[in-house]
Amino acid sequence: MVTIYGSMTCFHCLRCKQMLESLEIEHEYLEVEDAEVGRAFRELFPEAEGIPQILWEGQHLGGYTELTHKIDEFILNNEGETP
């Protein structure tokens, strides 16, 4: 399971969501503009300088670039199991 903290006005956030959808990787997209999500975001990522921030199987992965690397790794391994 992948969790994306992002915004609908952020190109990289939406691109992350698109990539996961196209590969049928189970994910959850959370809008940081939502007050409750925003509070959780600040608690989880107090050092974050931007969005998206992504959790891959509960572990902080990073942002857009890190997700693209993880997806490349996932495709290469192609174990047939989605996170």
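Tyr-64 is found in helix α3, where helices (H or I, at least four residues) and strands (E, at least two) are DSSP runs numbered from the N terminus. The model is predicted, so local features were required to have pLDDT of at least 70 and side-chain atom pairs were counted only at pLDDT 80 or more, whereas totals for chains, interfaces and linings use all residues. Residues are numbered from 1 along each chain as its sequence is written, and side-chain values use heavy atoms, with hydrogens and water left out.

At 25% relative accessibility, Tyr-64 counts as partly exposed; buried means under 20% relative accessible area, exposed over 50%, and partly exposed in between (1.4 Å probe, protein chains only). Not counting residues up to four places away in sequence, Tyr-64 touches His-12, Arg-15, Cys-16, Met-19, Pro-52 and Ile-54, contact being defined as heavy atoms within 4.5 Å. The C-alpha atoms of Tyr-64 and Gln-53 are separated by 7.8 Å, with the two residues 11 apart along the chain.

Gln-53 belongs to strand β3, both faces of which are covered: Gln-53 and Leu-55 on one side, and Ile-54 and Trp-56 on the other, are all buried. Strands are taken as paired if DSSP finds at least two bridges between them. Three bridges join β3 to strand β4 (residues 59-62), and the two strands run antiparallel. Ile-54 has Gly-62 as its bridge partner in β4. The two strands form a hairpin with two residues between them, and Glu-57 in the turn has a positive phi of about 50 degrees.

Strand β3 is also joined to β1, by four bridges in an antiparallel arrangement. Within this pairing, Val-2 stands opposite Trp-56, and Tyr-5 has Gln-53 as its bridge partner. Strand β1 is joined in turn to strand β2 (residues 27-31) by five bridges, and these strands run parallel. Here Val-2 is partnered by His-27 and Gly-6 stands opposite Glu-31. Together, β1, α1 and β2 make a right-handed β-α-β unit; a crossover is right-handed if, with the strands pointing away from the viewer, the path from the first strand over the helix to the second runs clockwise.

Five of the five residues of β1 are buried, so the strand is largely enclosed by the rest of the structure. Val-2, Ile-4 and Gly-6 point one way from β1, and Thr-3 and Tyr-5 the other way. In a regular strand the side chains alternate between the two faces of the sheet.

A nonpolar core is a set of buried Ala, Val, Leu, Ile, Met, Phe, Trp, Tyr and Cys residues joined through side-chain atoms within 4.5 Å. Of the 13 residues in the largest such core, Val-2, Ile-4, Leu-20, Trp-56 and Leu-67 touch the most other members. The elements giving two or more residues to this core are β1, α1 (11-22), β3 and α3 (64-77), and the largest share, four residues, comes from α1. Leaving aside its neighbours within four places in sequence, Leu-67 is in contact with Cys-16, Met-19, Leu-20, Ile-54, Trp-56 and Leu-61. Apart from this core lies another, of six residues, among them Tyr-5, Leu-30, Phe-41 and Phe-45. In soluble globular proteins, nonpolar side chains tend to be buried together.

A search of the whole structure finds four aromatic pairs. Rings of Phe, Tyr and Trp (its six-membered ring) pair if their centres lie within 6.5 Å; planes under 30 degrees apart count as stacked, over 60 as edge-to-face and the rest as tilted. The rings of Tyr-5 and Phe-45 have centres 5.5 Å apart and planes at 75 degrees, so this pair is edge-to-face. Because Tyr-5 lies in β1 (residues 2-6) and Phe-45 in the loop between α2 (35-44) and β3 (53-56), the pair ties together parts that are 40 residues apart in sequence. Phe-41 and Phe-45 form a tilted pair, at 5.4 Å centre to centre and 55 degrees between the planes.
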